[in-house]
Amino acid sequence: MPAVLVYLEVEAVRRILVGFIMDGKGGGVDRYLLNFLEAVYEEDVQIDFLTDGVHDELEEYLEKYHSGLYPVAGLRHPVRQFTQVCSILRRKRYDMVYLNISTAIDCIAVFAARHMGVPECVVHSHSSGNDRESAAARLLYNAVHYICRLFCWTACTRFYACSGKAGEWIFPKKIVSSDRFAVIYNAVDRKKFYYDEKLRREVRKELGAEEDFVIGHIGSFSYAKNYPFLISVFEEIYKKDKKSRLLLIGSGVEEADVRCMVKEKGLQNVVSFLGWRSDTWRLYQAMDLFLLPSRFEGLPIVGIEAQCTKLACVFSDAVTEETKISEESYFLGLKESPAKWADFILKHREYDRENVKLSENAEHYSLESQAEQLRRIICP
């Protein structure tokens, strides 16, 4: 009798295979997936992850949730990735595969799940564009993406995205307008991201920027973030106000190019490269304005964080308007010149940060609200 009871208990566990997590450290998708794990974890729920390689720190972190980490081949080896995912699904029966992706090209694992008879195949879009660095690569990937977009959805049972724009990037309109699609907003810890005048003075002193007009930007050094335009905007601001300073927080493949650009413009003494930081909640305090002139975004979590700290924000019009949760947030066209952006920013530099009001939509981005949505993913 005891043996039967143990068998029934094991069978009651709901197993979910989630892709793709990278190193768990800084990216928006990684943060979302760790929030997902924390929100849905129960003794009767087993969450395992697909990844691009074994990362010791992430593996150690996942141990407390009893989560497995399975490395699989990247998109350059689609057949190998398909075979590896099938092998994982053959060894361990899963009730759901939950795939978090940025382009329709990343849909190989969901077809592997369908091939192996997984009952639920769920796809979640986290972007609204292709972040390849070279123009030729972007052209090629966009062509393949739009081909894959025609049939990627056929292997899925449910569809999610971080914004409406992100949904339309990967799924057909008939899916986005159906009851099988839902938006799950990227959440932030509102208890962590808030305005603190004392902390602001402390961090500005650390940075030697007590008297400066500090513009901040947080993001990976990549094509999507539009660094040539960002640096040009700051150059125009600096021409008009020599007390201006730019903080760049993050890392990525374009960092060396951006450093060269800054040096060529003679801005190296007023542009600070702070690298990848785990204390961004402190750095927001030091800023006077947050700048994000992205070429495209799914829904930028940094934009939500910045607004929660009551920072004035200037976004490009390529950023979805769902990002706006503050009265001091603005959208400018990328067709406008850097000089016009600079004039707008300088015109809006004065505001009462302590009394900035957040809209009711801010509640969509709370961890509590997101946790309810995440639990509905595994138990719709």
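A residue counts as buried when its relative accessible area is under 20%, as exposed when that area is over 50%, and as partly exposed in between (1.4 Å probe, protein chains only). The model is a predicted one, in which local features need pLDDT of at least 70, side-chain atom pairs count only at pLDDT 80 or more, and totals for chains, interfaces and linings use all residues. Residues are numbered from 1 along each chain as its sequence is written, and side-chain values use heavy atoms, with hydrogens and water left out.

Thr323 belongs to the loop between β12 (312–316) and β13 (329–332); helices (H or I, at least four residues) and strands (E, at least two) are DSSP runs, numbered from the N terminus. Contact means heavy atoms within 4.5 Å. With neighbours within four places in sequence set aside, the contacts of Thr323 are Leu299, Pro300, Gly303, Ile304, Gln307, Phe315 and Tyr365. Tyr185 is 138 residues away from Thr323 along the chain, yet their C-alpha atoms are separated by 9.3 Å.

The view may now be widened to the whole protein. It contains 15 helices and 13 strands. Its radius of gyration is 22 Å, close to the 21 Å that the globule rule gives for 380 residues, so the protein is as compact as a globular protein of that length. The radius is taken over C-alpha atoms, and the rule is 2.2 Å times the number of residues to the power 0.38. Along the principal axes, the C-alpha trace spans about 75 × 45 × 40 Å. Of the 380 residues, 56% are buried. Among contacts with a separation of 6 or more, 70% join residues 24 or more positions apart.

Trp281 lies in helix α12 (residues 280–286). Its relative accessible area is 30%, which means that Trp281 is partly exposed. Leaving aside neighbours within four places in sequence, Trp281 touches Lys192, Phe193 and Leu199 by the contact criterion. From Trp281 to Cys308 there are 27 residues in sequence and 10.0 Å in space, C-alpha to C-alpha.

Some details of the backbone deserve attention. Most residues other than glycine have a negative phi, and most peptide bonds are trans. His66 is not a glycine, yet its phi is positive, at about 60°. His66 is in the loop between α3 (56–63) and β3 (69–71), and it is exposed because its relative accessibility is 53%. Lys310, also not a glycine, has a positive phi of about 65°. Lys310 sits in the loop between α13 (301–308) and β12, and its relative accessibility of 23% makes it partly exposed. The peptide bond from Gly19 to Phe20 is cis, with omega near -10°, and Phe20 is part of strand β1 (residues 14–21).

Finally, there is the second largest pocket. On a 1 Å grid over the protein atoms alone, a pocket is an open set of points where a 1.4 Å probe fits, with protein on both sides within 12 Å along at least five of seven lines; lining residues have an atom within 4 Å of a point. This pocket holds about 160 Å³ of space, the volume being that filled by probe spheres set on the points, which are joined across faces, edges and corners. Its lining consists of Tyr195, Arg200, Phe213, Asp288, Arg349, Glu350, Tyr351 and Arg353.
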